[in-house]
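Visitor: I've got a new model to look at and would like to talk it through. Can you put it up on the screen?

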Amino acid sequence: MNSKLETEKIGKLMLKFGIPAIISMLVGSLYNIVDQIFIGQGVGILGNAATNVAFPISIISTSVALLLGIGGASNYNLSSGEKDSEKANKFMGNALMLLVIVGLIIAFIVLILLNPLLHLFGVTPKVLPFALDYTSITAFGIPFVILTIGSGHLIRADGSPGYSMLCTVTGAILNTILDPIFIFGFKWGIKGGALATVIGQIVSAILVVWYYKNKSNIKFKKEYFKVEGSYFKAIAGLGMAAGINQIAMAIVQIVMNNVLRYYGAKSNYGPEIPLAVAGVISKVNMVFLSICIGVGQGCQPIWGYNYGAKNYKRVRETYKKAVIVCLSTGTIFFLLFQIFPHQIVSLFGDGSPEYFQFAQRYLRIFMFFTFLNAIQPMSSGFFTSIGKAVLGATVSLTRQFLFLIPLILIFPIFMGIDGVMYAAPIADLAAAIIAIFFASRELRRMKRADVKS
């Protein structure tokens, strides 16, 4: 009976924190995918290619937000579990101030170095004007999106997962409403899509600030916002895994864009079609990953608090349930990608027969191990939540740095542009095996600790 009650309690906790986290991640990915759909319909292949070239900036912004947000929330949860409320509150204040400062710095750097950055990210002469139009506007939204994404984790840790979801959902809905108005109604094209995105991000950030001032359970003091080296180090340590994972994704995107541009020019497709397709597929993949990353993020308060309180059984059971949810979600998306590739790609605009031929093959091959792809980022978040920052960072690096980037560079030498497609499933499988190995080892260690106690 006690075991049944415990299982039900874990399920309720996962629903309480998991559903808002999943919805927040899903809606967050809509910022990119809605723009991609409307820009693809209104501007075409060059518009899709432009948003793909600009995508690394979005990923880098997200990486910083996750580094500080997850790092701050994880330390807050661990300190709360140890009943040290003063220390927990200082982690919250330091993380919040860092989000504001770093967001402003990144926006400034992007605006100053925009043209060389786009060339580094793989832009072609035909795509450059569209990429400049889009990114020169979205750069102004960087401080707001970093504050919103990072604060989502802090607000959940503060016990308000529903409000965290509301902040993201409100901005995304506004963006979705304004996109067709600006792109088609006002005929602003790709600039309209960018402006709609920024407006949605600003509104989300306003809701975040309102929460801290009026709704937070923490009574903030000025000294909480004074950034201290020891707190920054601890935040960066536990947020490192999530941040590195996103940075690795950005590096992969940059390398892949340049490889696709180079080998695309040597193929029948040309450089623009592969760039546009890669942009579409990366956004589709983010929808899937956002669900599974949201599962992990929703479980983090449960993992962190119970690990700090030495309730290892609840930590283990929550991880096992998270794996089941991620595997089930991955299987559903795998079937969708294999059965309906043409319909999925068609959502993002029309194109030539060569465009759809390349896109369908790319989606089926590149996403072949989708059902395993979520294990690695979810497990990385698990290690971070229980204070295993180095292990979390190591698992984060496996797919992108250890496997995917080398394979993307090597395979095309022998297989041409097809090599990029086949690199991904091999990297996904290898990374999942490593994540499962380390997670199983950690779960066994906790089980032994339970037996001893």
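Guide: Let's start where a helix ends: H10 is followed by Lys310, and the phi of Lys310 is positive, near 65°. Helices here are DSSP runs (H or I, at least four residues; strands are E, at least two), numbered from the N terminus. Before you read too much into that, this is a predicted model, where local features need pLDDT of at least 70, side-chain atom pairs count only at pLDDT 80 or more, and totals for chains, interfaces and linings use all residues. Residues are numbered from 1 along each chain as its sequence is written, and side-chain values use heavy atoms, with hydrogens and water left out.

Visitor: Is Lys310 buried or exposed?

Guide: Exposed, since its relative accessible area is 58%. The scale goes like this: under 20% is buried, over 50% is exposed, and partly exposed is in between (1.4 Å probe, protein chains only).

Visitor: Which other lysine has a positive phi?

Guide: Lys187, with phi near 60°. Lys187 is placed in the loop between helix H7 (161-185) and helix H8 (189-214), and it counts as exposed because its relative accessible area is 69%.

Visitor: Back to H10. How far apart are its end C-alpha atoms?

Guide: They're 51 Å apart. H10 covers residues 272-308, and at 1.5 Å a residue its 37 residues should span 54 Å, so the two agree. The expected span is 1.5 Å times one less than the number of residues.

Visitor: Where does H10 bend?

Guide: At Cys299, by about 40°, and Pro301 follows within four residues. That bend is the angle between axes fitted to the seven residues ending at a position and the seven starting there.

Visitor: And how many of the H10 residues are buried?

Guide: 35 of the 37, so to speak mostly covered.

Visitor: OK, packing. Which residues touch the most other members of the largest nonpolar core?

Guide: Trp303, Tyr362 and Phe382, in a core of 124 residues. H10 gives the most to this core, 18 residues. A nonpolar core here is a set of buried Ala, Val, Leu, Ile, Met, Phe, Trp, Tyr and Cys residues joined through side-chain atoms within 4.5 Å.

Visitor: What does Tyr362 touch?

Guide: Leaving out residues up to four places away in sequence, its partners include Met256, Leu260, Ile281 and Met421. Contact means heavy atoms within 4.5 Å. Apart from that core lies another one, of five residues, among them Phe55 and Met286.

Visitor: What sits over the ring of Phe55?

Guide: The charged end of Lys283, 4.2 Å from the ring centre. To count, NZ of Lys or CZ of Arg has to be within 6 Å of the ring centre and within 35 degrees of the ring normal.

Visitor: Since we're on rings, how many aromatic pairs are there?

Guide: The structure holds 25. Take Phe182 and Phe186: their centres are 5.7 Å apart and their planes at 25°, so that pair is stacked. Rings of Phe, Tyr and Trp (its six-membered ring) pair if their centres lie within 6.5 Å; planes under 30 degrees apart are stacked, over 60 edge-to-face, and the rest tilted. Phe182 is buried, at 8% relative accessible area, whereas Phe186 is partly exposed at 44%.

Visitor: How about a tilted pair, what are the numbers for Tyr269 and Phe358?

Guide: That pair is 4.8 Å centre to centre, with 55° between the planes. It links distant parts of the chain, 89 residues apart: Tyr269 is in the loop between helix H9 (229-265) and H10, and Phe358 is in helix H13 (residues 353-366). Both Tyr269 and Phe358 are buried.

Visitor: Last one: what does Ser380 touch?

Guide: Ala241, Gly392, Val395 and Ser396, again not counting residues up to four places away in sequence. Ser380 belongs to helix H15 (residues 375-385) and is buried, at 3% relative accessibility.
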